[in-house]
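Subject: Structure handover

Hi,

Here is the structure I promised to pass on to you. Have a look at it first, and then read on for what turned up in it.

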Amino acid sequence: MTSRIPRDSRLRLVRPRPLAAAPQAINQRRPRRPAPRPPEGTPARSELARMARSGLAGAARVARWADSELGPGRGSATADGKATLSDATADQAARELGLTAAQVRADWDTARLAGLVEVHGDTARPGWRLRAWNRDDSAVLRGWVALFDAWSLAHPEPAGEEPAAVAEVVSAMPQVLSFLQLSAGPVPVDQLLDLLEQRVTELRTERCEVPYGPRLEPGPQSVPDVTADTPLAPLLDWALHALASVGALTCGDGQATLTPLGNWAVWVKLEQICVAAQSPAGNIEQPAEDMLRGCAQLRPNAARAEYRAWLAARPVGSAVAELLAAARGEDALLRGLAFDALRVVGAPAEPDVRGVVDEPTLRPYALLWLAEHEGADPEDAHEVLTRREATWLWVDTAAAVADHGEAPLLVRHLEAAVQFTVPALLDEVRAVGHPRTVQVLVALAAAHPDPALAKAVRRAAFQVHTGGS
């Protein structure tokens, strides 16, 4: 809930803290509590994952085609490096997959929003979720939830609608979805429209805008609300069909009903359940990637003890090589944890860490590791990073939090940004070109309680998604 106290509406971040502390955000988990059981009748996770795989089958097919055809040296994936398929590429995919070019473009956009494919300039590569698609139900469900969070990007709003009204409806839809989830059955659209109008009215009442610049006369100024007369019925219809397009609900005969996937996703968000995989047994015997995943659930001291035991069972050289290989993967959480484990290794790891400084994905982590190894205070180590490197690391850490953490952690991750205002952060995040930028911004917009800030972040996500400015 936003405050009813009038405030300066310019978007600001809280006082920044050293970025070196950012990777620790994922481990700052609240004390565990018994996991609530989903509502009665909710399918098992394996069945939910099967539904998600079915709904995203087209996106996964295009993503696999991109994996085989659009890798480095195998042709251009996008038009002008803006993450939109070029006409030639779309036509090629359509011919080879037996689809229309429009279907290919739609599946391509869905694959990107679900994290199945990532765009790097004019080439594409599979996301880590695609690699785990057939064997990891959690990866599949996270991918579907990422698409669910991005429903407003997956289905364009009606032409000619007031952007401010669209943003208000997007901000109000979580309450509509919560009502659908609690109703546990079909709900008349007219009833949802009443709820939407009430929520939008509350948002407008809570939003206290303070005009910029000097006031010519004392007292409050009347600012016309261009959205006050905007009918919400067409926008509700758009929102319901957009959510239906991602598989979250069905609508027909004047009623809307959450699908089992949509019902589960709304319940998960209401309960703020972390969907990260549980720590496997026998971490010490596991390869580096599995060991790191197991340690993700541990507190820092317990994780370090696990790293020490794992390292003691292996030659240092092969252990360091294995950790760096895990850090090169698609999962940003493992990247941060791998370098935490390398801190336990200490001096023997220095030559190998110096050897990866020129790898763009690992460079910020390696520079921080070397600075700390050479005696820099961990609170000051971030000063060795350029502004661009620090921003890239912020996005990479945010991707890890979005994939494996709870929504409040993602909101608190804003404190780790080196920029002093949200607009400055968004400008630099868009410019840095991290492959997970859209997913991070969508997740942050979905998690943040401030409608004005969420609106700005959502707009930035849309601009990155469409290649606009």
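This is a predicted model: local features need pLDDT of at least 70, side-chain atom pairs count only at pLDDT 80 or more; totals for chains, interfaces and linings use all residues.

**Overall make-up**

The protein chain has 22 helices and 5 strands. Of its 469 residues, 48% are buried. If you take the contacts with a separation of 6 or more, 70% of them come from residues 24 or more positions apart.

**Helix contacts**

Let me begin with helix α3 (residues 87-97) and helix α4 (residues 101-113), whose axes lie 8 Å apart at an angle of about 105 degrees. Angles of 65 to 115 degrees count as roughly perpendicular, so α3 and α4 are roughly perpendicular to each other. On the α3 side the contact is made by Asp87, Ala90, Asp91, Ala93 and Ala94, and on the α4 side by Ala101, Val104 and Arg105. Sorted by class, this contact of α3 with α4 has 5 nonpolar and 3 charged residues, with no polar ones.

Next come helix α8 (residues 163-183) and helix α9 (residues 189-206), which pack with their axes 9 Å apart and an angle of about 130 degrees. From α8, the residues taking part are Glu168, Val169, Ser171, Ala172, Met173, Gln175, Val176, Phe179 and Leu180, and they meet Gln191, Leu192, Leu195, Leu196, Arg199, Val200, Glu202, Leu203 and Arg204 of α9. The class count for the contact of α8 with α9 is 11 nonpolar, 3 polar and 4 charged residues.

Further along, α15 and helix α18 (residues 387-404) have axes that come within 7 Å and cross at roughly 110 degrees. That makes α15 roughly perpendicular to α18. The residues in contact are Ala332, Leu333 and Arg335 from α15, together with Trp392, Asp396, Ala399, Ala400 and His404 from α18. Here the contact of α15 with α18 has 5 nonpolar, 1 polar and 2 charged residues.

**Aromatic pairs**

How many aromatic pairs does the structure hold? There are 3 aromatic pairs, and I describe two here.

One of them is formed by Trp151 and Trp238, a tilted pair at 5.3 Å centre to centre with 45 degrees between the planes. This pair links distant parts of the chain, with Trp151 in helix α7 (residues 151-154) and Trp238 in helix α10 (residues 233-245), 87 residues apart. Trp151 and Trp238 are both buried.

Another is the pair of Phe339 and Tyr365, which is stacked, at 5.6 Å centre to centre and 25 degrees between the planes. This one, too, links distant parts of the chain: Phe339 sits in helix α15 (residues 332-345) and Tyr365 in helix α17 (residues 363-373), 26 residues apart. Phe339 counts as buried because its relative accessibility is 0%. Tyr365 is buried as well, with a relative accessible area of 5%.

**Loop residues**

The loop between α21 (437-447) and α22 (451-466) holds Pro449, and His448 lies in the loop between α21 and α22 as well. Are these residues buried, partly exposed or exposed? Pro449 counts as partly exposed, since its relative accessibility is 48%, whereas His448 counts as buried at 16%. Leaving out residues up to four places away in sequence, His448 touches Val411, Leu414, Leu453 and Ala454. As for Pro449, its C-alpha is 9.3 Å from that of Ser171, although 278 residues separate the two in sequence. Ser171 is one of the α8 residues that meet α9.

Ala184, in the loop between α8 and β3 (187-188), has a phi of about 55 degrees. Its relative accessible area is 69%, so Ala184 is exposed. Asp253 also has a positive phi of about 55 degrees and is found in the loop between β4 (249-252) and β5 (255-258). With a relative accessible area of 82%, Asp253 is exposed.

Note on methods. Residues are numbered from 1 along each chain as its sequence is written. Side-chain values use heavy atoms; hydrogens and water are left out. Rings of Phe, Tyr and Trp (its six-membered ring) pair if their centres lie within 6.5 Å; planes under 30 degrees apart count as stacked, over 60 as edge-to-face and the rest as tilted. Helices (H or I, at least four residues) and strands (E, at least two) are DSSP runs, numbered from the N terminus. Buried means under 20% relative accessible area, exposed over 50%, partly exposed in between (1.4 Å probe, protein chains only). Axes are lines fitted to C-alpha atoms, for helices over the stretch in contact, and angles run from 0 to 180 degrees between N-to-C directions. Contact means heavy atoms within 4.5 Å. Ala, Val, Leu, Ile, Met, Phe, Trp, Tyr, Cys and Pro count as nonpolar, Asp, Glu, Lys and Arg as charged, and the others, Gly among them, as polar. Angles under 35 degrees count as roughly parallel, over 145 as roughly antiparallel, 65 to 115 as roughly perpendicular and the rest as oblique.
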